[in-house]
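Here is a quick tour of a single protein chain, going from its strands to its cores and then out to the overall dimensions. Have a look at the fold first, then read on.

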Amino acid sequence: MKAIIICNGRIENYLYYEKYVKNADLIICADGGATHAKKLGLKPDVLLGDFDSLKEDDFSYFNKMDIEILKFPPKKDMTDSELTVEHAMEKGCDFIVLIGALGSRADHSLANVMLLRKMLDRGVKGLIVDENNEITLINDRIVLEGNSNTNVSLIPITEKVEGVTTKGLYYPLQNATIEMGSTWGISNRFICDRAEVSITSGLMLVVKSID
């Protein structure tokens, strides 16, 4: 079951996200992400948040529809994005795509990336996308699609990641160990249209990006 979570971060090219939002089983807006949903021409299933960043006219626009609205107090222990992730997992979603999750606020952007850990721990595939990046977190193996213009970066978020092995990338790795804080895994490239990254221990952010 696939969920799309629309956050209140930066979205510029709305057409770019059509390939991600199609065939979604559940669409949830985190507060001001509803404004993006309106521009995407989507009717979300759920609006969720404290609604401190959602324009009043956009709230009224969706409030007239048959949409579940879950309002939380401004003083809470989770961000709106985390609440939406929790809601999607409670609904049984095993694949969650977050859009609008990156932007000018580095704290919110980093916190959203770290939500990938919460999803992985619950057996849920998480993906954060914008017009230039796809970010996921692995503890075993992933197969990627791309081309010669696609960068792939590997970023450990545990003290070290062991058994790092790649296939289909310009700079191959074989049973390597990459420690947190190392930039060894930054800016590899595809040499064919499919690549594979596998690890034996630790947690690794895999970032597929284009300039």
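This is a predicted model: local features need pLDDT of at least 70, side-chain atom pairs count only at pLDDT 80 or more; totals for chains, interfaces and linings use all residues.

## Strands side by side

Let's start with β9, residues 151-156: 6 bridges tie this strand to β14, and the two run antiparallel.

Zooming out, β9 and β14 belong to an open sheet of 10 strands, ordered β4-β3-β2-β1-β5-β6-β7-β14-β9-β12, and the pairing is mixed. The edges are β4 (68-71) and β12 (188-189), each of which pairs on one side only. As for helices, α4 lies across β1, β2, β3, β4 and β5, at about 160° to β2.

## What's packed inside

The largest nonpolar core contains 28 residues, and Ile96, Leu98 and Met119 have the most contacts inside it. Several elements supply at least two residues each, among them β1 (2-6), β5 (95-99), α4 (80-90) and β14 (204-209). The largest share, 5 residues, comes from α5. There is also a second, separate core of 22 residues, which includes Ile4, Leu47, Leu54 and Ile99.

Which residues does Leu98 touch, not counting those up to four places away in sequence? The list is Ile5, Cys7, Val85, Met119, Leu127, Ile128 and Val129. In soluble globular proteins, nonpolar side chains tend to be buried together.

## A look at Lys125

Lys125 sits in strand β6, which spans residues 125-129. Is Lys125 buried or partly exposed? With a relative accessible area of 47%, Lys125 is partly exposed, because that value falls between the 20% and 50% cut-offs.

Apart from neighbours within four places in sequence, Lys125 is in contact with Asp94, Phe95 and Ile96. Ser153 is 28 residues from Lys125 along the chain, and their C-alpha atoms are separated by 18 Å.

## The whole thing

In total the protein has 5 helices and 14 strands. Its radius of gyration is 18 Å, close to the 17 Å that the globule rule gives for 211 residues, so the protein is as compact as a globular protein of that length. Along the principal axes, the C-alpha atoms fill a box of roughly 55 × 35 × 30 Å.

Of the 211 residues, 51% count as buried. The protein exposes about 10900 Å², with carbon and sulfur atoms supplying 48% of that area. Taking contacts between residues at least 6 apart in sequence, 62% join residues at least 24 apart.

Definitions and conventions:
Residues are numbered from 1 along each chain as its sequence is written. Side-chain values use heavy atoms; hydrogens and water are left out. A nonpolar core is a set of buried Ala, Val, Leu, Ile, Met, Phe, Trp, Tyr and Cys residues joined through side-chain atoms within 4.5 Å. Buried means under 20% relative accessible area, exposed over 50%, partly exposed in between (1.4 Å probe, protein chains only). Helices (H or I, at least four residues) and strands (E, at least two) are DSSP runs, numbered from the N terminus. Contact means heavy atoms within 4.5 Å. Two strands pair if DSSP finds at least two bridges between them. Axes are lines fitted to C-alpha atoms, for helices over the stretch in contact, and angles run from 0 to 180 degrees between N-to-C directions. The radius of gyration is taken over C-alpha atoms; the globule rule is 2.2 Å times the number of residues to the power 0.38. Accessible areas come from the Shrake-Rupley method with a 1.4 Å probe; for residues, only the protein chains shown count as cover.
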